[in-house]
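Colleague: I'd like to learn how to read helices, sheets and cores in a model like this one. Could you walk me through it?

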Amino acid sequence: MNRNYWWILTVFVFCTIGNAEAQDVKILGKLSNGTVISAVRSPGAGWELILKGQGLASNVYTRPVQLEFSDSILGKYPLARGYEHITTVRNGFIGRVNVRKDPNVAFKVEDRWEIAGMTLVLDRKVQVMGNEPGGFMSALTVFTEKPWSRPDVDIFAPGMIYGGTDNLRAGGLGGRDIYEDGRGILMIREERFTAPLFGVHFRDSSSFTLIHSDATGGTTIEDAMDVRRGDVIEPLIDAGFQFGSLGEDESGSWKGDPKEPLGKSMQAGVKRYPAVGFWYPGTEGELRSGFGPAHLMRRRFHPMQNGFSQNYSLVIRFGQGETMPAMIKNVWRLSWDLLKPKAEGRNMTQVRNVLFDHLANTAIVSGDRAVLPFLADPTSGKIVSDHRNGRLGFISKNVEGADLLLIESSKTEGTRSSKLRALGLKIMNTFAGLNFSPPEASGIWVDDGKPVEAIIFLRQLTEDMVYMLKAWEREQKQGREHPLWLRKCTDLADWLLTQQDKNGGFPRAWVRNTDKVAMASRLNSYNVLPFLTKMFQVTGNRNYLDVALKAGELSWRQGQQKGIFVGGTPDNPNVIDKEASTLSLDGYLSLYEATGDQKWLDRATVAADIAQTWIYIWNVPATEGIEDKYLIWKRGVSTVGMQLIATGHSGADSWMSRDAANYVKLYKFGGDAHYLDVARLLLLNTKNMIAMPGKLYDFAGPGWQDEAWGFVAPGPSLPGSRRVWLPWMTINHLRGMIDIEQLDGDLYTQLTDFVR
């Protein structure tokens with residue numbers, strides 16, 4: 001019986017029997033949105049599962065028990081089966097089947113399904129009976145009733161994919177090349193996700209999402225080292241693989257139709273029914289080879305040993321009537337509830353003191369100039385000669401650092417207070433000595449005052465100079481005059497007004513000391529919002545606000561209304577990244593606070609909902625068998641609270657430690673307690689790998705830390721691996737703490753006293 005005929009027959013049966021039960025159809029229950037769940041007996045395959053409801057995502061099919069084998073004779077091949085027996089129980093049903101591979105080995109599968117609101121919850125156990133060389137992988141994949149291709153859908157894979165293939169690295173996981181010259185296979189190992197989930201949003205506003213709700217992670221040295229390779233990739237078989245993969249596969253391999261000719265789905269013009277699924281253990285691909293356009297798979301299997309078992313739980317959520325941002329918000333909060341990220345209690349007063357002292361001690365003073373150095377080695381504490389420079393914004397944040405030093409000087413006493421204030425003033429005045437109409441430099445060498453870079457980014461200017469303006473305002477209220485600071489901020493603001501285009505956009509970068517545009521992209525125009533809004537609040541000049549409002553409208557139209565935030569980091573232009581959403585959150589909140597217009601709060605909320613999906617809310621364990629001295633992220637330290645940086649790679653850092661205060665604002669403005677939970681995680685857990693007295697790890701002393709880490713099968717550090725400290729790390733930690741304290745001291749105490 002061919003596939004199309006079977007679908008026609010199934011529809012006919014549903015229409016004629018209603019809720020009754022026929023010989024080959026069992027009604028198993030309904031989701032809260034009315035979707036009917038049924039089992040249909042397929043000749044030779046057993047009981048398959050079919051869902052019928054509103055929207056493309058609620059009309060799906062699965063032959064639920066899928067196995068893939070790897071052995072020396074047949075190589076790789078899959079099997080797909082329905083259940084031999086299926087029985088209904090309260091709030092769900094149980095499916096069982098024994099799948100015999102050959103006379104030597106069989107697999108006993110028991111699936112316990114729970115129907116819970118808009119979700120189906122699967123608890124699966126796969127047990128091996130018998131012994132045989134080679135390996136196996138099990139999977140659950142789901143197919144829609146109607147065909148679709150990648151341009152028809154938006155994908156949400158947190159920290160990896162948001163929407164389509166635009167603004168993703170073409171050759172990376174989920175990039176355009178997979179679909180244009182590959183086979184359309186997108187299987188991503190779950191450690192790359194900040195939460196192990198994969199969602200597909202259709203044009204009719206329906207969606208379904210797979211969540212691995214009991215993910216533990218964990219792998220072997222052999223796998224960890226193999227992840228580094230991109231040329232010759234060998235299949236690996238090991239009982240130690242504790243990670244799965246999530247994604248979609250358009251190749252037809254998982255469709256479960258035994259009569260489909262091999263490779264038929266890849267023929268030109270053939271309609272595709274992509275498999276959206278979970279694979280365990282986690283095969284990954286397609287991966288670009290180092291020798292040309294070949295697309296490879298990094299295949300992983302468990303051994304076929306008698307008594308070996310797999311156990312995992314999946315949650316499948318079916319959404320209806322949601323925009324892409326709403327789907328992301330709802331799926332993320334469901335995952336948060338399932339994974340229950342744990343906040344770490346710590347002595348935040350000690351953390352604060354250590355970080356301020358560390359920041360002050362790393363500063364470089366030369367004559368009448370002072371800077372926070374561009375880069376230092378956290379394992380030795382050394383600052384080499386080619387890094388004796390300081391810069392505005394982004395990864396250096398010299399002016400913001402000076403602002404923090406001035407704030408702390410008023411919170412302490414004696415020589416410490418005097419030291420912090422003198423240093424803060426010297427750094428601030430060093431950068432106030434630059435010209436900003438047009439900007440002559442974004443960084444200077446401390447020893448001779450010469451400019452560092454030929455290109456000046458919009459973000460570097462506005463991100464840091466807003467803190468010169470805030471410092472001027474605060475000092476003014478305390479009776480201290482700094483007319484130079486206000487004049488330089490005004491010079492920059494007035495120059496920026498001449499650079500906005502008719503649509504509201506600003507260039508990404510200019511050639512220093514000129515009006516010449518170096519990078520014309522307008523995708524990060526949101527950078528100007530906090531600075532120009534603050535200029536309006538300080539001076540009362542409406543022109544600054546009007547320009548900021550126009551830039552905000554453009555930023556929203558350029559994809560953010562669909563949940564796409566692009567262009568945050570100057571060194572990785574025009575990709576989807578974390579900082580695009582966090583910077584937009586800051587900008588939209590500034591517009592809301594200046595105008596009281598609800599739409600800016602609504603837009604800030606969308607930015608916040610996207611930004612938090614970059615936060616790891618599950619713990620990825622260190623690779624077994626590697627000595628701790630070789631691990632940059634140390635064994636036993638929780639990864640919860642760290643964040644991926646950008647699409648196209650799997651590097652993580654603690655950038656959002658500064659954004660804790662913005663989530664507190666959202667809580668105070670709207671009363672949504674979830675944002676307070678996010679703030680707590682960013683405030684506390686981002687400090688997990690800072691060297692503290694009595695727990696220095698392998699750093700030079702208290703306050704040091706590494707810039708970034710990788711949680712995907714991290715192998716031992718290679719000789720010559722660069723470990724660096726940059727000023728933003730300490731500054732961002734302190735900014736989050738100071739801003740919450742100034743916003744609501746009692747709430748700050750509540751958050752920092754929290755121990756779970």
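Modeller: Happy to, and let's start at the end of a helix: H14 is followed by Gly 671, whose phi is positive, near 80°. Helices (H or I, at least four residues) and strands (E, at least two) are DSSP runs, numbered from the N terminus. This is a predicted model, in which local features need pLDDT of at least 70 and side-chain atom pairs count only at pLDDT 80 or more, while totals for chains, interfaces and linings use all residues. Residues are numbered from 1 along each chain as its sequence is written, and side-chain values use heavy atoms, with hydrogens and water left out.

Colleague: Which residues of helix H14 are buried?

Modeller: Buried means under 20% relative accessible area, exposed over 50%, and partly exposed in between (1.4 Å probe, protein chains only). In H14, residues 660-670, the buried ones are Ala 660, Ala 661, Asn 662, Tyr 663, Val 664, Lys 665 and Leu 666. Their cover includes helices H12 (578-595), H13 (598-611), H15 (673-684), H16 (727-743) and H17 (745-752). Contact there means heavy atoms within 4.5 Å.

Colleague: What do the buried residues of H11 pack against?

Modeller: An α-helix has 3.6 residues a turn, so residues three or four places apart point the same way. Among the buried residues of H11 are Tyr 544, Val 547, Ala 551 and Ser 555. The partners of its buried residues are H9 (483-497), H10 (529-539), H12 and H13.

Colleague: Now sheets, please. What is the strand order in the open sheet of 9 strands?

Modeller: Strands of a sheet pair through backbone hydrogen bonds, either parallel or antiparallel. Two strands count as paired if DSSP finds at least two bridges between them. Here the order is S7-S8-S9-S10-S23-S16-S15-S12-S13, with antiparallel pairing. S7 (85-89) and S13 (161-163) each have a single partner strand, so one side of each is left without a neighbour in the sheet. Within this sheet, 11 bridges join S9 (106-116) to S10 (119-129), and Lys 108 has Gln 127 in S10 as its bridge partner.

Colleague: And which strands form the open sheet of 3?

Modeller: That one runs S28-S29-S30, also described by antiparallel pairing. S28 is joined to S29 (509-511) by 3 bridges, and Phe 457 stands opposite Ala 509 in S29.

Colleague: Last topic: which residues touch the most other members of the largest nonpolar core?

Modeller: In soluble globular proteins, nonpolar side chains tend to be buried together. A nonpolar core is a set of buried Ala, Val, Leu, Ile, Met, Phe, Trp, Tyr and Cys residues joined through side-chain atoms within 4.5 Å. The largest one has 211 residues, and Leu 120, Phe 531, Leu 532 and Tyr 663 touch the most other members. H8 gives the most to this core, with 9 residues. Leaving out residues up to four places away in sequence, Phe 531 touches residues including Met 465, Leu 469, Cys 489 and Leu 496.
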